[in-house]
Amino acid sequence: MAKTKAAGAKVSTAPAEKKYMKPSEIVTFGIGLFGVALLTGWMPDYTMTFFADFAFKGKGFDSAQLATIVSSVFGFAGIVGAVCELVIGMLVDRTRTPLGKVKPWVGFGAIPLAVISMLVFVAPNTSNFTLATVWMFVIYTLYTAICCAVESPSNCFGALCSPNPKERSTAISISSFLRSVGQSGGQVVIIVVPALMELLMGKQQYKNAEGQGIDLIISTAVCALGMVIFVMIFFANNKERVPYTTEKVSLIESIKLVFTNKNLLMVSLTKLFGFGRGVYGTVSLYIAVYLLGSKGLKLALMLPMGIGTAVGTLLVNYVLKKYSTKTTFILFCCYGASSLAILYFVSRGIGFNSTLIVPFLILNFFCGIQHGNTNVTPNIMIADCIDEMEYKTGKRQEGLAYAGYGLFSKIASAGTKWLAPTLVYTWSQYQFSTSANVAYATQTDSTLNKFLAIYTIIPAIFVVLQFVPVLFYDMVGEKKERITAALAERRAKAENADSDNQDSSSDAAGDIAE
């Protein structure tokens, strides 16, 4: 068995039921994820509308050509992100510092992420379509890579915060709840900033500024600053408590790990099978514009869903006390697909008009409950997979395990970011605004009805597909309990052996002194 070394604290010989984390650590873990989500939770969708609707408005670019380029930019960045997930996962597992293996990546990566996020919304003033294309590819790819270097390690921390699976699951659930709140927090900023701008500048000057996307630049700066502050709170208060193995891991071994562990592969495949469920995020901005009247009111649209997600996170924690992670995941997927289908048929029955607003927002809450499952359950399952791999191989590789999941997540994201603009800008026959002082052009009823399908029925199909791989997942029940107990015993023996070696060394030193 490989030797292990604790990061930040000794491993106790106490049973796995022992509580390792202070209550404040569970909270600050969640605060750290809140901070990351405050920035990254809304960036992709608003970046897409910035590139398509604001960055090069009035430059004479062909709308169809621009739509194709925007789709390609996000698809390419997703592929780069998938590669980065593996590389960063390997580097995380090779990281050895007094602070641990994950915290340095999150803490020291926060400021570069803040800077590159702000630069995304500073487009070059050019009428050269080639230069504009190159800029979009380069800036968003850089953002994706740096985002991976912070977001992926922050997700790993849940597997390192405690050797106790129950305490670990609680910490992951609470932090996931705060992360979902953080995603809505960014939407609050995007409402408050324009309101303050309009108050200070006047209505007409604000409309001119909004037409150029200046409100997005200021909102990004606010969220970036908040992200840095909240990540630093996590960085200062939290410790890694699960021992890590000392041997180096090659990239080939890392890739093998990702693709040969059945349970980890099944959890990771849920992202690939369900890649299209995320298209609702892109079109939600346009539903906010054309149903509620402003892109800033996306929060009003998404807030019920965000509240539903938060409630879903708490419900998942409750359901997990009665059922396995496998059963919980499947149950919530079936519920999620059903709620989206109901929203679609109700919307088509009422029609895309002001009468739809109230029932749409109410049903949005119930649709959001499913997201509590996808935010929490896979992270708990991955932590269990890491235990299984340590039990079989003696190696504990949190970085690579979460990177494996992140690899499939980024591939799925690439598919989503290709599919979403293709559906929104091409399939729906969306009309771009050509006026520098008008943010969004009027759309046809056919386009608006297709927006509803992109928001509801298309994601519902992928929600069903995503639970198919989980049918083959088996790190549950007696197997999970047996592995947890064996690892606790193994770690206790390793610590006792280290103590005996230290005592022997002390005795030998005493003999030499005599």
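1. Cys-223 counts as buried, because its relative accessibility is 0%. Cys-333 is not part of any disulfide: the nearest cysteine sulfur belongs to Cys-334 and lies 7.0 Å away. For a disulfide, the two sulfurs would have to be within 2.5 Å. Keep in mind throughout that this is a predicted model.

2. Cys-333 is buried too, with a relative accessible area of 1%. As for the structure as a whole, a search turns up 0 disulfides.

3. Now the largest pocket. Its volume comes to about 580 Å³. There are 20 residues in its lining, and those closest to the centre are Pro-165, Lys-166, Ser-169, Leu-320 and Lys-480. If you want to find the spot in the viewer, these five are a handy place to look.

4. Which helix gives the most to that lining? It's α18, with 5 residues. Both α6 (165–201) and α18 (477–513) supply at least two residues each. By residue type, the lining splits into 7 nonpolar, 8 polar and 5 charged.

5. Next, helix α7, which covers residues 203–211. Its buried residues are Tyr-206, Ala-209, Glu-210 and Gly-211. Among the elements covering them are α2 (43–54), α6 and α8 (214–237).

Conventions. Residues are numbered from 1 along each chain as its sequence is written. This is a predicted model: local features need pLDDT of at least 70, side-chain atom pairs count only at pLDDT 80 or more; totals for chains, interfaces and linings use all residues. Side-chain values use heavy atoms; hydrogens and water are left out. Buried means under 20% relative accessible area, exposed over 50%, partly exposed in between (1.4 Å probe, protein chains only). On a 1 Å grid over the protein atoms alone, a cavity is a set of points where a 1.4 Å probe fits but cannot get out, and a pocket is an open set with protein on both sides within 12 Å along at least five of seven lines; lining residues have an atom within 4 Å of a point. Grid points are joined across faces, edges and corners, and a volume is the space filled by probe spheres set on the points. Helices (H or I, at least four residues) and strands (E, at least two) are DSSP runs, numbered from the N terminus. Ala, Val, Leu, Ile, Met, Phe, Trp, Tyr, Cys and Pro count as nonpolar, Asp, Glu, Lys and Arg as charged, and the others, Gly among them, as polar. Contact means heavy atoms within 4.5 Å.
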